[in-house]
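Here's a quick briefing to read with the model open beside you. Take a look at the sequence and the fold, then work through the points below.

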Amino acid sequence: MPEKRTLQRARRDKRQGKAPTTQAGEFIREEMEHIREGKHGARSARQAIGIGLSKARRSGVGLPPPE
């Protein structure tokens, strides 16, 4: 589950009319922080991006499905 702060930032971006990728960037940023803090075992930045995008989609950000 994403942190409240991340959800608030993504909603703020949506209200401001920013692109879905910008909204999803908040979730990716959160995942990168988690990797740096050692909270979970994502092995690479690429994996963190995938996890962040997945969380964004589940939270309702209008991203297209993965290829």
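His34 counts as buried, because its relative accessibility is 9%. This is a predicted model, so keep that in mind throughout. His34 sits in helix α2, and that helix runs over residues 20-37. Helix α2 packs against α1 with the axes 8 Å apart, and the axes of α2 and α3 also come within 8 Å.

**His34 and its surroundings**

- Which residues does His34 touch once its neighbours within four places in sequence are left aside? Glu3, Lys39 and His40 are the ones in contact with His34.
- Glu3, one of those contacts, is partly exposed, with a relative accessible area of 25%.

**How α1 meets α2**

- Two packed helices are described by the angle between their axes and by how far apart those axes are.
- For helix α1 (residues 4-15) and α2, the angle is about 160° and the axes are 8 Å apart.
- That angle is why α1 counts as roughly antiparallel to α2.
- The crossing of α1 past α2 is right-handed.
- On the α1 side, the contact is made by Arg5, Thr6, Leu7, Arg9, Ala10, Arg12, Asp13 and Lys14.
- On the α2 side, the contact is made by Thr22, Gln23, Glu26, Phe27, Glu30 and Glu33.
- Sort the residues of this contact by type and you get three nonpolar, three polar and eight charged.

- Thr6 is in helix α1, while Glu26 belongs to helix α2.
- How far apart are Thr6 and Glu26 in sequence and in space? They are 20 residues apart along the chain, and 6.0 Å separates their C-alpha atoms.
- Thr6 counts as buried because its relative accessibility is 5%.
- Glu26 is buried too, with a relative accessible area of 10%.
- Setting aside neighbours within four places in sequence, Thr6 is in contact with Glu26, Phe27 and Glu30.

**How α2 meets α3**

- The axes of α2 and α3 cross at roughly 135°.
- That angle is why α2 counts as oblique to α3.
- This crossing is right-handed.
- From α2, the contact uses Ala24, Phe27, Ile28, Glu31, Met32 and Ile35.
- From α3, the contact uses Ala45, Ala48, Ile49, Ile51, Gly52, Leu53, Lys55 and Ala56.
- How do the residues of the contact of α2 with α3 divide by type? There are eleven nonpolar, one polar and two charged.
- Phe27 turns up in the α1–α2 contact and also in the α2–α3 contact.

**Salt bridges**

- *Glu31 with Lys55.* These two form a salt bridge, and their closest N and O atoms are 2.7 Å apart. The pair links distant parts of the chain, with Glu31 in helix α2 and Lys55 in helix α3 (residues 45-58), 24 residues apart.
- *Arg29 with Glu26.* Their side chains meet in a salt bridge at 3.1 Å, N to O. Arg29 and Glu26 are separated by about one helical turn, because they are three residues apart in helix α2. Arg29 is partly exposed, with a relative accessible area of 44%, whereas Glu26 counts as buried at 10%.
- *Arg5 with Glu3.* Here the closest N and O atoms of the salt bridge are 3.1 Å apart. Arg5 is partly exposed, with a relative accessible area of 42%, and Glu3 is partly exposed at 25%.
- *A network.* Which residues are linked in a network of salt bridges? They are Glu3, Arg5 and Glu33. Arg5 and Glu33 are also among the residues that make the contact between α1 and α2.

Key:
Residues are numbered from 1 along each chain as its sequence is written. This is a predicted model: local features need pLDDT of at least 70, side-chain atom pairs count only at pLDDT 80 or more; totals for chains, interfaces and linings use all residues. Side-chain values use heavy atoms; hydrogens and water are left out. A salt bridge is a side-chain nitrogen of Lys or Arg within 4 Å of a carboxyl oxygen of Asp or Glu. Buried means under 20% relative accessible area, exposed over 50%, partly exposed in between (1.4 Å probe, protein chains only). Helices (H or I, at least four residues) and strands (E, at least two) are DSSP runs, numbered from the N terminus. Axes are lines fitted to C-alpha atoms, for helices over the stretch in contact, and angles run from 0 to 180 degrees between N-to-C directions. Angles under 35 degrees count as roughly parallel, over 145 as roughly antiparallel, 65 to 115 as roughly perpendicular and the rest as oblique. A crossing is left-handed if the near helix is turned anticlockwise from the far one by less than a right angle, and right-handed if clockwise. Contact means heavy atoms within 4.5 Å. Ala, Val, Leu, Ile, Met, Phe, Trp, Tyr, Cys and Pro count as nonpolar, Asp, Glu, Lys and Arg as charged, and the others, Gly among them, as polar.
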